[in-house]
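Please view the sequence and the structure first.

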Amino acid sequence: MGNIFGKEKPLKEVLRENKRMINRAVRELDRERSRLEKEEKRMVMDIKKFAKAGQHKTVKILAKDLVRTRQHIAKFIEMRSHLQGTGLKLQTVKSHQAMAEAMTNTAKALMKMNKAIDVPGITKM
């Protein structure tokens, strides 16, 4: 993740930025899906109106468009679930990184304790 100037962002910062991007994309997909659902409702009303009027060619065209719209809605739902899965994987990476950091700090503390303890003095007691 290096850039031109040589400074690397810490993993915590990179994970936070990626999580924010994923959440933004999920919100955008939700917005688009709700817009398509409103369009679907409008199309159903139009189909009923044209069917009563006896305009069968128009109904056929609108029905095909309605099917396409429903397929797009299904794809948006699928994409949203994929993005949420990716976000969950990022969260797992973040927790693994935090655990590794905690283990490193614990190891350093134990090393300091081992250096501070006088083992021969304790054995004499």
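In which helix is R16 found? R16 is found in helix α1, where helices (H or I, at least four residues) are DSSP runs numbered from the N terminus. The model is predicted, so local features need pLDDT of at least 70 and side-chain atom pairs count only at pLDDT 80 or more, while totals for chains, interfaces and linings use all residues. Residues are numbered from 1 along each chain as its sequence is written, and side-chain values use heavy atoms, with hydrogens and water left out.

**Helix packing**

- Helix α1 spans residues 11-53 and helix α2 spans residues 56-116; they pack at an angle of about 165 degrees with axes 9 Å apart.
- Axes here are lines fitted to C-alpha atoms, for helices over the stretch in contact, and angles run from 0 to 180 degrees between N-to-C directions.
- The two helices α1 and α2 are therefore roughly antiparallel to each other (angles over 145 degrees count as such).
- The crossing of α1 and α2 is left-handed, meaning that the near helix is turned anticlockwise from the far one by less than a right angle.
- The contact of α1 with α2 has 23 nonpolar, nine polar and 11 charged residues; Ala, Val, Leu, Ile, Met, Phe, Trp, Tyr, Cys and Pro count as nonpolar, Asp, Glu, Lys and Arg as charged, and the others, Gly among them, as polar.

**Nonpolar core**

- The largest nonpolar core has five residues: M43, I47, V59, L62 and L66.
- A nonpolar core is a set of buried Ala, Val, Leu, Ile, Met, Phe, Trp, Tyr and Cys residues joined through side-chain atoms within 4.5 Å.
- Both α1 and α2 give two or more residues to this core, and α2 gives the most, with three residues.
- Beyond its neighbours within four places in sequence, I47 is in contact (heavy atoms within 4.5 Å) with V59, L62, A63 and L66.

**Individual residues**

- I61 lies in helix α2 and counts as exposed because its relative accessibility is 59%; buried means under 20% relative accessible area, exposed over 50%, and partly exposed in between (1.4 Å probe, protein chains only).
- Leaving aside neighbours within four places in sequence, T69 is in contact with L36, E40 and M43.
- R16 counts as partly exposed at 41% relative accessibility, and its C-alpha atom is separated by 9.4 Å from that of Q91, 75 residues apart along the chain.

Key
Parallel < 35°, antiparallel > 145°, perpendicular 65-115°, else oblique.
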